[in-house]
Amino acid sequence: MAEDGTIYYTNGLPVPDTPAPGEEPEFWKETDVVGKRTPRVDAYERVSGTAVYPSDIKLPNMIYGAILRCPHAHAKVKKVDAGRAEKMPGVRALITGDSPEAGGLKWKYRGYSGPLFDAHCRFEGEVVAAVAADTPYQAWDAVHAIDVEYDVLPHVVDHNLALTGKAPEVHDQGNLAGTDEYERGDVAGGFAEADVVLEQNYETGCQLHTPMELHGCVADWEGDRLTIWESSQGVYAVQSVLSGILGMPLSKVRVIGHYMGGGFGSKLWPGKYTVLAALMAKQAARPVKMILTREETFLCVGNRPPNTMRLKAGVKKDGTLTAFDFECIGPSGAYPGGGTEIVDWLVRDLYQCDNVRCLSRDVYIHAGTARPFRAPGHPQGSWALEQMMDDLAEKIGMDPIELRLKNIPSISQGRGIPYTRTGLKDCIERGAERFGWKDAVKRAREQNRSGSHIKRGVGMGACLWIVGGGGPPSTVVIKLFRDGSVNLNMGASDIGTGTKTIMAMVAAEELGVKPDVIQIEHADTGTTQYATPSGGSKTVPTEAPTVRNAAIDVKRQIIQMAAEDLGAPAVDLDYEGSEIVSMKDKSKRIQVTDVSGLKKRGVVIGVGYRGPNPKNKSVNPFAAQFCELEVNTKTGEMKILRFLGAHDSGRVMNRLTYDNQVFGGIVMGIGFGMTEFRQLDANQTGKLCNRNWHDYKLPTALDVPVDMESLPIEIDDPEANNTGAKGLGEPVTIPTASAIANALYMATGIRFTKAPVHPMEMRRRLSAGKEG
Amino acid sequence: MLPQFSYVRPETLKDTVKHLNVPGAAAHAGGTDLIGCLRDGIMQVNKVVSLNALPDLHGIRETADGGLLIGAMTTITEVSESPLVRRKYPGLAQGASEVAGPQLRNQGTIGGNLCQKPRCWYYRGEFNCLRKGGDNCYALDGEHLFHAIFGHDRICVITHPSDTAPPLVALGAKVRIIGPEGKRTIPVANLHVSPADNVRAETVRKQGEVITHIELPRPPENLRSSYRKVRARRSWDFALAGVALALEMDGDRVNKSRVVLSGAAPVPWRSQPVENAISNRRLNAETIEKAARAVVEGADPLPGNMYKLDLFKGLIEEELYTVSRELR
Ligand SMILES: Cc1cc2nc3c(=O)[nH]c(=O)nc-3n(C[C@H](O)[C@H](O)[C@H](O)COP(=O)(O)OP(=O)(O)OC[C@H]3O[C@@H](n4cnc5c(N)ncnc54)[C@H](O)[C@@H]3O)c2cc1C
Ligand code: SF4
């Protein structure tokens with residue numbers, strides 16, 4: 001047990017007032033812990049390798065799973081013969097569509113429900129059979145020994161061809177997965193009013209999720225209870241999917257996901273692999289480890305769908321936007337995956353415009369199903385909208401920044417309700433100032449007149465993110481032990497963003513204890529409370545207020561107990577550092593750790609719930625990013641010189657992890673804008689060409705600028721939630737690529753409407769001229 | 001997953017050759033390419049013969065006539081950082097420093113670099129293409145953004161992946177080979193095989209043959225060598241287009257030249273048209289413009305890699321202007 005006093009950091013300084021029961025806590029004015037640069041609470045474990053990720057799990061008698069996947073973009077399985085494989089050394093479980101274990105099991109994803117083993121394989125990578133054996137090598141040898149007869153069928157993998165009528169049908173009901181229409185105002189009238197009307201087509205590439213840790217799990221049965229260690233963004237989501245598919249009570253499915261090596265949206269749900277691991281673990285009566293190979297993850301765990309877009313926009317000479325008409329098509333993949341989901345949101349919501357029409361058509365193709373990818377839809381929509389804004393500005397002779405500032409909406413037009421706060425204007429204005437926009441433009445123009453073949457450009461893009469306010473449900477439990485140390489228990493996953501650290505900081509702030517005496521238990525459906533998956537940039541705004549509420553619940557109970565010790569009514573008491581003090585008579589005071597109720601019980605348990613979001617208001621993060629770059633017009637090589645991200649995500653909870661999100665988001669945006677694209681062999685086999693980290697090109701350290709700056713635009717937002725924090729993890733990657741495109745335009749005079757703009761595309765367009 | 005294979009680590013060249021002189025045996029130098037090939041099932045290998053225990057194959061030393069002898073097992077990093085190489089053949093040091101990324105340069109060897117398999121994504125993927133023993137080239141009618149514009153004869157359109165081979169060819173280097181039939185020394189320029197000659201082989205090595213050393217001749221007076229590489233991203237990537245120059249200068253005149261392209265053809269591609277355009281000429285704007293036009297003479301681009309034409313033009317122009325600026 002710790003010595004008295006060493007646990008508290010406050011040394012008599014105030015800790016936040018404890019609200020009376022039933023009262024909401026006040027918005028923090030000043031903070032002692034929250035907002036500071038705080039290294040991750042688990043940094044040592046992560047860096048030293050002692051952190052145990054699902055990939056590291058080793059259980060006694062554990063065996064290894066491997067999956068046989070359909071090698072064709074479109075085929076029917078005629079026959080599976082596993083006779084040879086079954087007899088191979090080490091094989092302890094084998095499952096195919098014919099196995100009784102698979103009988104009647106349905107795979108469910110986003111409203112789709114179909115057999116776990118579907119003989120009609122609609123994408124390369126569909127599951128055909130699975131094996132578990134004593135070693136991974138034996139498992140793979142057995143997989144290769146399974147003989148499958150396929151009927152190979154014609155495919156369509158180009159979403160632009162899916163609806164032409166010439167393409168084979170992915171599903172019986174056709175290739176249209178869904179249509180989404182939106183309209184407000186009078187679009188035709190808006191265009192009639194405009195002084196300038198522009199129309200342009202845009203295209204973005206398919207970006208693959210490539211988190212450092214592969215997708216996978218370990219499954220283990222103890223009687224009728226299943227335990228899964230899954231590399232996941234949300235253990236409760238895994239629990240609910242598995243219990244649904246296997247027909248088990250939630251209480252019997254324990255999912256643990258303490259550490260995980262990234263997901264970016266692709267690990268919001270489990271995969272068929274999770275179900276197969278559970279089934280084979282039962283067959284073999286041994287724990288099964290099923291970690292996919294990198295090649296498999298490139299095929300079947302999701303993607304940011306490619307989008308083909310058309311945007312028509314009208315503007316008056318004074319910069320008033322009069323109309324947007326947006327159309328978009330994109331592929332869900334083989335099954336519903338949100339091929340065009342919220343691609344149009346920025347057109348609907350970002351800039352003031354009364355007349356807007358959007359039409360999105362989501363289609364099926366014979367390729368892996370899309371999954372949410374960091375800010376789904378938004379970087380694509382931004383690619384169109386932000387380039388169009390620059391074009392409009394140029395046509396009416398206005399600075400692009402000025403045009404944007406002229407069109408800051410006062411309400412969320414897509415919803416018709418106000419934002420709690422909008423930092424859009426500040427992000428653009430203060431970002432531009434800090435970036436030195438005017439000087440940078442001047443410098444670029446001068447260089448471009450100099451005759452050098454190295455051209456320079458600066459560009460910017462702004463954005464908001466459709467959600468990012470978080471919300472209920474969430475339950476957090478905080479235990480205060482009799483030595484003053486604290487245990488924080490929450491269901492949410494820390495997907496590498498630093499969630500645990502921020503929650504420890506919130507608890508520390510509220511209780512006055514040092515963050516490092518807080519032990520966190522999290523992401524375990526067996527021992528922690530229900531939480532939604534970490535995604536949508538909602539983890540901090542969801543969990544942080546809940547943690548705060550739980551801490552306040554602890555404080556209220558301690559005060560109640562201290563009232564007995566001090567012989568003073570609880571309403572007169574509050575925290576002062578590590579003591580409870582009577583406000584009426586300051587001589588009445590007692591150390592928290594001396595409170596007899598606490599000493600007797602050994603622990604006080606506080607429970608916090610996430611309260612509701614403000615009624616009829618929208619909570620959104622905003623941002624603007626700025627970039628400066630150079631283009632070698634002889635070779636097409638490009639070099640990004642610097643980037644600045646000005647982000648309004650409400651209160652900065654931890655400046656260190658905040659900046660990391662900004663830098664990481666920019667890096668990913670550079671990948672989307674300049675290096676990454678899924679290449680399918682569309683005209684021959686429909687198969688994936690680039691299925692490794694060399695052919696699928698993520699940006700390397702040398703492709704991103706050393707000079708990256710994060711400029712927090714911190715605006716108090718007490719209405720958002722009791723911490724004032726909004727989401728950050730997704731807006732950071734939304735306007736990156738469009739800022740690059742706008743800079744490339746300044747450098748070359750060419751509009752790059754097709755992403756990514758790699759040196760091949762740059763060289764092609766330099767040769768083809770402006771129209772290309 | 002890797003297939004099953006046996007592993008030997010002979011200590012003499014004689015034993016090495018003996019072990020390698022059976023079908024299904026492969027030499028293992030740094031393993032950076034070999035292991036990937038085995039994992040992807042590109043070649044059928046049942047015996048891996050390590051070259052690591054062989055004495056004599058490591059290191060760089062100066063020869064009596066003022067040239068260099070580089071052991072085949074010398075790492076790419078050693079080559080790129082060697083003061084000797086940097087002083088005498090900066091083009092080779094640059095080529096080596098442009099290979100892959102630091103980890104691969106530390107592990108990969110120069111011998112392995114010359115013998116590596118192509119990087120065509122069909123070849124490395126699950127496609128039984130012509131080079132792997134199948135009937136057709138998928139890249140020709142398929143996705144060939146990164147493929148060759150020269151020397152492919154529309155048979156197989158790989159580009160040779162090595163960044164050290166072009167400078168070695170430009171510098172007139174030779175490889176020493178030992179095999180079941182004894183020793184031979186051939187120019188690096190003759191090491192690689194065009195698809196028209198044999199689409200299933202990348203080098204002229206026969207079964208059981210290993211490269212032991214690379215010989216560089218004494219650099220001529222006023223030799224100026226360099227290597228410049230353009231790629232889709234700035235590290236860990238093969239050449240979209242590259243050029244190794246070995247120019248013998250006399251003031252601003254180019255007396256003799258060797259110009260070898262990477263990212264261009266199934267073999268390191270010597271560009272005689274560029275050599276002709278600059279040899280015995282002053283390196284002025286007119287010469288450079290001619291050379292840039294000459295570089296694409298005889299090119300046979302495919303619909304998806306037309307961009308390489310202007311890329312090579314731009315590259316030659318930029319490189320030659322760099323040389324001419326240095327002269328001032
Ligand atoms: C991701 C990635 C990126 C890369 N990028 C580049 C690049 O940009 N530029 C570039 O040039 N290279 C690149 N490479 C290739 C890399 O340089 C080679 O893998 C390396 O040089 C091979 O050397 P090694 O010693 O590891 O060869 P190994 O893998 O051991 O051998 C390669 C082949 O050569 C044979 N071999 C090896 N040594 C000898 C010998 N002495 N005699 C006869 N045969 C021999 C082996 O049998 C094998 O077939 C890249 C590789 C990877 C994996
Ligand atoms: S280019 Fe060569 S290696 Fe590639 S698919 Fe064609 S034949 Fe095979």
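The structure is a predicted model, in which local features need pLDDT of at least 70 and side-chain atom pairs count only at pLDDT 80 or more, while totals for chains, interfaces and linings use all residues. Residues are numbered from 1 along each chain as its sequence is written, chains are lettered from A and ligands numbered from 1 in the order in which they are written, and side-chain values use heavy atoms, with hydrogens and water left out.

An oxygen atom of ligand 1 lies 2.7 Å from a backbone N or O atom of Ala29(B). The side chain of Asp163(B) places an N or O atom 2.6 Å from a nitrogen atom of ligand 1, and a polar side-chain atom of Arg205(B) is 2.9 Å from a nitrogen atom of ligand 1.

## Shell of ligand 2

The residues surrounding ligand 2 include Cys120(B), Cys129(B), Cys137(B) and Cys156(B), together with Tyr122(B), Tyr123(B) and Tyr138(B). Leu130(B), Arg131(B), Ala139(B), Val157(B) and Ile158(B) also belong to these surroundings. The shell divides into 11 nonpolar residues, no polar residue and 1 charged residue. In this classification Ala, Val, Leu, Ile, Met, Phe, Trp, Tyr, Cys and Pro are nonpolar, Asp, Glu, Lys and Arg are charged, and the others, Gly among them, are polar.

Helix 8 (121-124) and helix 9 (138-141) of chain B each supply at least two residues of this shell. Helices (H or I, at least four residues) and strands (E, at least two) are DSSP runs, numbered from the N terminus.

## Interface between chains A and B

The contact, defined by heavy atoms within 4.5 Å, takes 34 residues from chain B and 42 residues from chain A. The two chains bury about 3,300 Å² between them, 59% of it on carbon and sulfur atoms; buried area is the accessible area (1.4 Å probe) that two parts lose on being put together, summed over both. Trp121(B), Arg233(B) and Arg234(B) supply 21% of the area that chain B buries against chain A, more than any other three residues.

Between chain B and chain A there are 7 salt bridges, each a side-chain nitrogen of Lys or Arg within 4 Å of a carboxyl oxygen of Asp or Glu. There are also 15 residue pairs in polar contact, both residues being at pLDDT 80 or more. Helix 8, helix 9, strand 9 (223-230) and helix 13 (307-327) of chain B give two or more residues to the side that touches chain A, and helix 13 gives the most, with 7 residues. The residues of that side divide into 16 nonpolar, 3 polar and 15 charged.

## Salt bridges of Arg691(A)

Arg691(A) lies in the loop between helix 16 (655-675) and strand 32 (707-712) of chain A and Glu124(A) in the loop between strand 6 (120-121) and strand 7 (127-133), so the pair ties together parts that are 567 residues apart in sequence. Over all chains, the whole structure holds 70 salt bridges.

## Domains of chain A

The assignment for chain A, whose bounds come from an automatic or database source, gives domain 1 (54-153 + 210-300), domain 2 (376-468 + 617-768) and domain 3 (470-609). The contact between domain 2 and domain 3 takes 17 residues from domain 2 and 16 residues from domain 3.

These two domains of chain A bury about 1,100 Å² between them, 57% of it on carbon and sulfur atoms. On the domain 2 side, Met653(A), Asn654(A) and Asn722(A) lose the most area to domain 3, together 40% of what that side buries. The count between the two domains is 0 salt bridges and 5 residue pairs in polar contact.

## Backbone exceptions

Most residues other than glycine have a negative phi, and most peptide bonds are trans. Pro472(A) and Pro473(A) are joined by a cis peptide bond, with omega about 5°; Ala755(A) and Pro756(A) are likewise joined by a cis peptide bond, with omega about 0°. Ala285(A), in the loop between helix 6 (272-284) and strand 15 (288-291) of chain A, has a positive phi of about 55°.

Technical notes. A polar contact is a pair of N or O atoms within 3.5 Å; within protein, one must be able to donate a hydrogen and the other to accept it, and residues adjacent in sequence count only if both atoms are side-chain atoms. A residue is near a molecule or strand if one of its heavy atoms lies within 4 Å of it.
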